[in-house]
Amino acid sequence: MEYCSDFTHDLKIGQEGEKLFAEMVEGDKVEVKSEQDQWKDTGNVFVEFWCRDKASGIARTEAKWWVINFYYKGKLQSTSILPTDRLKKMVKVKGKYRIVNGGDNNTSRGFLVPIKDLT
């Protein structure tokens, strides 16, 4: 986006952002995940696609938005929100992200996605 010092332009962009967020909160399906502590050291999030012998997470969701809450020592640090279809396209690129076991008792499989890739 090109820089513009015109308040009217900035106001319009801000209002569009407010409308989009209101739509997310009021009507669109949202998948909310929580990352706790480990992300701070690894710089990654775990995007599950398989759990207990069946498709799950990103492979099954019908949500329009994928939300990740980042907690550290029990306190919310930040939240990332991205369109689910964008995340699905990212993880479909063969070999782009490492697949690992994770989740409760390592019963899940998922992609390790660098947090920097979510922006």
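**Salt bridges**

I began with Glu31 and found it in a salt bridge with Lys33, with 3.1 Å between the closest N and O atoms. I note here that I am working from a predicted model. Lys33 is partly exposed, at a relative accessible area of 27%.

How many salt bridges does a search of the whole structure find? I get 4. I looked up two others. Lys64 pairs with Asp28, and the closest N and O atoms are 3.7 Å apart. Lys64 sits in the loop between strand E3 (54-55) and strand E4 (65-72), while Asp28 sits in the loop between helix H1 (7-26) and strand E1 (30-36), so this bridge ties together parts that are 36 residues apart in sequence.

Lys116 is exposed, with 64% relative accessibility.

**Aromatic pairs**

I searched the whole structure for aromatic pairs and found 2. Trp39 is in helix H2 (residues 38-42) and Phe70 in strand E4, so the pair ties together parts 31 residues apart in sequence. Are Trp39 and Phe70 buried or exposed? Trp39 is buried at 11% relative accessibility, and Phe70 is buried at 2%.

I then took Phe49 and Phe111, which form a tilted pair with 4.8 Å from centre to centre and 40 degrees between the planes. Phe49 belongs to strand E2 and Phe111 to strand E7, so I logged this as a link between distant parts of the chain, 62 residues apart. Phe111 is buried, at 13% relative accessibility.

I stayed with Phe111 and listed its contacts, leaving aside neighbours within four places in sequence. The list holds Val45, Phe46, Val47, Phe49, Val91, Tyr97, Arg98 and Ile99.

Next I looked up the largest nonpolar core, which has 16 residues. Which residues have the most contacts inside it? I have Val45, Val47, Leu87, Met90, Phe111, Val113 and Leu118. At least two residues of this core come from each of strand E2 (44-51), E4, helix H3 (84-92) and strand E7 (108-114).

**Surface patch**

I also checked the surface for nonpolar side chains. Phe21, Val25 and Ile81 make a nonpolar surface patch of about 280 Å². I placed Phe21 in helix H1 and found it partly exposed, at 44% relative accessibility.

**Positive phi**

Most residues other than glycine have a negative phi, so I looked for exceptions. Asp37 has a positive phi near 60 degrees. I find Asp37 in the loop between E1 and H2, partly exposed with a relative accessible area of 34%.

Asn105 also has a positive phi, about 55 degrees, although it is not a glycine. Where does Asn105 lie? I find Asn105 in the loop between strand E6 (98-102) and E7. Asn105 is exposed, with a relative accessible area of 72%.

Definitions and conventions: Residues numbered from 1 in each chain as written. Predicted model: local features only at pLDDT ≥ 70, side-chain atom pairs only at ≥ 80, totals over all residues. Heavy atoms only, no water. Helix = DSSP H or I, 4+ residues; strand = E, 2+ residues; numbered from the N terminus. Buried < 20%, exposed > 50% of the residue type's maximum accessible area, 1.4 Å probe, protein only. Core = buried A, V, L, I, M, F, W, Y, C linked by side-chain atoms within 4.5 Å. Contact = heavy atoms within 4.5 Å. Patch = residues over 30% accessible without salt bridge, like charges linked within 9 Å, V, L, I, M, F, W, Y side chains within 5 Å. Areas by Shrake-Rupley, 256 points an atom, 1.4 Å probe, with all protein chains shown as cover. Phe/Tyr/Trp six-rings, centres within 6.5 Å; stacked < 30°, edge-to-face > 60°.
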